Amino acid sequence: MSYLELASDLVARARKQGADEAECVVREGSQFSVNVRLGEVDQVKDSGSKAIGLRVLSGNRAASTFSSDFSGKGLDVLVKSAIETVRFTSEDPFSDLPEAEQLGVATDPTALRLHHDDVLALTAEQKIEMARTAEAAALEADPRITNSEGGDFRSGWSRWTLANSRGFGGEYSLTHCSLSAVPVAESSGSKERDYWYSVSLDAAGLESPEDVGRRAAERALRRLHSTKVATTEVPVIFEPRVAGSLLGHIFQAASGDAVYRYASFFADKLGEKVAGGNITVVDDGLRPGGLGSTPFDDEGVASRRTTVIEDGVLRSYLLNSYSARKLGLETTGNASRGLAGSPGIGPGNFMLQPGDASPEDIIASVDRGLYVTELIGYGVNLVTGDYSRGAVGLWIEKGELTYAVSEVTIGGNLKEIFKQIDMIGSDLDFRSVFVAPTLKVRCMTVAGK
Amino acid sequence: MSFIQTRYNLTEADLEKYLGEALSKGGDYADLYFEYLSTTSASLDESIIKSASQGVSVGCGVRVISGEKTGYAYTNDLAPEKLIHAARTAAQIAAGPTTAKVAGLEEPQGSQNLYPVVVGPSDVEFSRKVALLRTADEAARAYDERVFQVEASYRDSVRHVLIANSESVIRSDTQPLTRMDVSVIAREGERIERGHDGTGGRVGLDYFQTERTPRDLSHEAARQAVLQIGAEEAPAGEMPVVLGPGWPGILLHEAVGHGLEADFNRKQVSAFSGLIGRKVASELCTVIDDGHIPSRRGSLNVDDEGATTGRAVLIENGILKGYLQDRLSSRILGTPPTGNGRRQSYKHIPMPRMTNTFMLAGEDDPQDILRSVDRGLYCVNFGGGQVDITSGKFVFSASESYLIEGGQVTRPVRGATLIGNGPDVLTKVSRVGHDLKLDRGIGTCGKEGQSVPVGVGIPTIKVDQLTVGGTNVLRAASTFQD
C-alpha cells in the first residue's frame, strides 16, 4: 500500500469509528550529515525515519494522534486513541477542515523543482570532500584563522503525504542540501568565530566549497578586536542575512493565529499603513526551487502568492482555514502542521520587494552608524512591538565600515522600525524562507558603554 | 527486564549482537540508545479546549566511536534487520581492528531514583488534565477585568530508555516530564501587554494540586500582563543590575554554563578554554551543575550515555574548577565523566549539556542588596537568552524589571535585553543573597539543533555593571551613569 493509500485508508477508518471528518499526514525522510574538523571527519550521521499523524473532528471537536509505529497494531491504536481523545476537547464552531472547493494542488510538483536527483546521487565521499574543502578554504584564507568548528555538509530527502475526508489526496517529495564552515580567528588576545553557509534544494545550486570557506574566514576576521561603543541613537544597517529576521517578525505579526488573539500589533490593521511607502512584502509559495515552496499547504489548500504589505499598507494576513474563519476571511493556503496538534501558520517564500541601492551606496549614505552582521537573543515582543537584541557588527564612520563592534544591543519598536526603513538594497538573499536585501533603519537605540 | 526489552522482546544476546555489528569495521566503543516516548498534550484558548493530542515515538540510535570520530545511525523500526542495518551504517566510521569486545552486559549497582512517580502522568485520565486548564482560565479572567485573552497548555511525557554499550554496561530508566503554561493578554485603552507563567518537572499530576496550582500560574501571568500596562521605557546603557532569585539564574546558564561544556573546550573554541584554575568570578561565586536533585526538570537518574548523574563544581569561590563532560570529551581530556552526556532523542548524538545549574547562596540580605544601589535596574523575570561561545558575549531578555532609585525599587520598565561578556560578568558580582531559589521548571536549552530540559537557580545578586538594552538613551545619559 502506498502512503497515499495508507493515509486515505486511515481517514476512512477514523470516519467508520465515529469521526465526522479526518485528516492524515505521513512523513518519511532521510538525512545525512558530516562534520569535518581540522581536516579529519569528526561526525557522520546517516539515517531515515517515518511517522504518521491523524487529526479527527467529531461535531466541532478536534483531536490528534501521532505515531512512528506502522504495524497493524500501531495503526489500530492511532485511530482508536484519536477517537477517544476527541471527547475531551470543546465544541468550537470555527473548527473544521477547509471547504471542498478550497482544496487542491496549485501546480504539478515537478514545476516547483523541489526534488533533485543530483542531491541523491552524491556519494558519502563527495559530501565529506565538500565539507573538507570548505573548512580547508577557511583555514587557508589567513594565518589569523587558527582554529575551526569545522566544515559541515548536510543533505536530505523527505516526502509529505496528506489525505482528508473531503476528498483531498496529494503528496510531494523534496530534497535539500547545505554546506557551511565555522572558522575561529585569533589575534593578540581577541578570539572570534563566524560562519557562512549555502543552502539549496539542488546540489548544483550550492555555492562552491571554496567560496563558502573564504567568506566564513572573511567574516570571522572582520570581527577581531571588537569594542563596545557608547550608548547612542544612530542609523542601523542590517546586512541581508540579519534583515531576514525583520521579515520574520513581519511574518509573525501577519500570522492569523496571532491576529485573532490580539497577540500581534497588526491586529485590526488591515488596510492601514503599517510600514513605509517603500515597503512591499509578498509571500510566494510557488517560487520554483524556493526553500518555502509547496504545491499545497498542510490542510490541502493550493499554495499561492499573497501580497501582505503593498506600498506600506497591510493588504492581507497569512491564514489557515481556522484563523480565516475566526477573522471572517478566506484561507491564504498557509496552513502548516507537524504530526501532532492543530495546523498553525507557515510562510512560503516570504519576500521583501528589493530596492535599487547597492549595499555600498547604503553604507556610504551613513555618517555615523552601525552595520549589523549578527543578532542574538529573543528580545522581541509581538504584542507590543518592543524590540531589543544583542548585536555584532561594524561601526560606520563617514560612509565607511571601520572597526568591529560587539556587546551592544539595538533597540526600538517594530511598529516604528518598519516605518523608518529609508533605504532598501537590491541584493536579495535567498538563504532562508525570509528573503530580504540590505536594509537601513533611520534611527535605533544602540546601547553599549 | 526493562520496559523496552520486554515490549520489543530484546534479549541481552540481541543487544550484544547489535553492538558486535556496530564494531564490525573496527572502533573503540559502541552504544545503543533505545527510546520509547509517549506524549499527551492539551491546550485551551478563548475559554475552550481547542486541541488535545496523544502520540508515541520509538526508535534506536547506534553510535560508534573510533579515536575522536563518531559514526551515528538510527532507525524507528526496531525489527532486527533494521537495527543491524543501522549498526552497520554507524560502523562505516571506523577502519581497522576493533579494540573493544562485547561480552556480558551488566546493570551497575546503586541506581538512584530521583523521580518516583507513583501514577505516571500519561495514565491519568485526560479529563483531569483539561480540568487544570479550565481552572487556569477562570482564575486568570477573575484576576483583573483588563485580562481579555487566556491561553493555557498542558503537556506530559514518559520516556523509557535502554542504553547498552560495548563496555558491558546496560542501563534503563523511566523519565516523566510534565509542564503547564499560562499566557495572558491584558488591555487598557490602546495598550496591550502579555504575561506568562509556567511550572513543571519530573512530577505527576498531583504536583499541580500540592506545589503550584493552575490558579497560582494564572495569577502570576495576569499580574505580569497588568503590570506591563503601566511600565515605562527601559533605560539604555551600563548600570548596576540586581537579579532576583530563581529564574534569573539563566545568567549562569548563558554567561558561563555553555562556555564550560567540554566539547567546546577540547576544541579550544570557548572563551573559557585554558582557564581552569584561573579566577573567572568574584570569590562570592560558587556555581554548580547538579543532575540529581529530586523531581527537577533538569534531573536524570542516568544521563543519555548511561552514566550516573552527579554534582559538578564549575566555579568555586571564583576559581574555574571544571567542565561539563560527556563520554567522548572526558576520554579525550583524560578527566572523569560528570554525567552530562545528553541528547534530544534517539535521532541525536549525545553532547555535554547542563542539567540544573545554580549559584550557591551567600550571606547578604536581599533588601540590603537593593538598598546598596543608588541608580540601577532590578530584574526578577526573564525570557530566553543566547551566547556566542567563542567571544563569550551573551544576552538574556528581562520580562519584568524595575528601576532602583536611591536604594528603593520604584517603577516597572518594559522588556529589555541585557548583554555582557561571560568570562568577566561574574567578576563584577559584589553581593550575593542568602535566598537561593531554583526556577519553576520550564527551562529548555537549545544547542546545535538539540533541545533538552534544564533547570537554573540563583540567589539575589548584584552585578556592578551590565549593559541594559532599553530604548531610553536620555535617561541613561542623565541619571544612569555612576
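**Close-up views of chains A and B**

**Figure 1. The contact between chain A and chain B.** The contact takes 65 residues from chain B and 60 residues from chain A; two residues are in contact if their C-beta atoms, placed from the backbone, lie within 7 Å. Strand β2 (residues 48–66) of chain B gives the largest share of the chain B side, 12 residues. By class, the side of chain B that touches chain A has 25 nonpolar, 29 polar and 11 charged residues. Ala, Val, Leu, Ile, Met, Phe, Trp, Tyr, Cys and Pro count as nonpolar, Asp, Glu, Lys and Arg as charged, and the others, Gly among them, as polar. This is a predicted model: local features need pLDDT of at least 70, side-chain atom pairs count only at pLDDT 80 or more, and totals for chains, interfaces and linings use all residues. Residues are numbered from 1 along each chain as its sequence is written, and chains are lettered from A and ligands numbered from 1 in the order in which they are written.

**Figure 2. Strand pairing between the chains.** Strand β3 (residues 61–67) of chain A pairs with β2(B) in the parallel sense, over four bridges. Ser67(A) stands opposite Val56(B) in β2(B). Two strands pair if DSSP finds at least two bridges between them. Helices (H or I, at least four residues) and strands (E, at least two) are DSSP runs, numbered from the N terminus.

**Figure 3. Strand β4(B) and its partners.** Of the 19 residues of β4(B), 14 are buried, so β4(B) is largely enclosed by the rest of the structure. A residue is buried if 20 or more other C-beta atoms lie within 10 Å of its own, exposed if 12 or fewer, and partly exposed in between; C-beta atoms are placed from the backbone. Strand β1 (residues 29–45) of chain B pairs with β4(B) in the antiparallel sense over 15 bridges. Here Ala42(B) stands opposite Tyr154(B). β5(B) also pairs with β4(B) in the antiparallel sense, over 17 bridges. Val150(B) stands opposite Val184(B) in β5(B).

**Figure 4. The hairpin turn at Ser168(B).** β4(B) and β5(B) form a hairpin with four residues between them. Ser168(B) lies in this loop, between β4 (147–165) and β5 (170–188) of chain B. Its phi is positive, about 70 degrees, although Ser168(B) is not a glycine. Most residues other than glycine have a negative phi. Ser168(B) counts as partly exposed because it has 15 C-beta neighbours inside 10 Å.

**Figure 5. Packing of α4(A) on α5(A).** Helix α4 (residues 124–140) and helix α5 (residues 209–221) of chain A pack at an angle of about 35 degrees, with their axes 7 Å apart. Axes are lines fitted to C-alpha atoms, for helices over the stretch in contact, and angles run from 0 to 180 degrees between N-to-C directions. The residues of α4(A) that meet α5(A) include Met130(A), Thr133(A) and Glu135(A). On α5(A), the residues in this contact include Pro209(A), Val212(A) and Arg214(A). By class, the contact has nine nonpolar, two polar and three charged residues.

**Figure 6. An open sheet in chain A.** Five strands of chain A run in the order β11-β10-β9-β14-β19, with mixed pairing. β11 (313–314) and β19 (434–435) stand at the edges, each with a single partner strand, so one side of each is left without a neighbour in the sheet. Strand β14 (residues 349–352) pairs with β19(A) in the parallel sense over two bridges. Phe434(A) in β19(A) is the bridge partner of Phe350(A).
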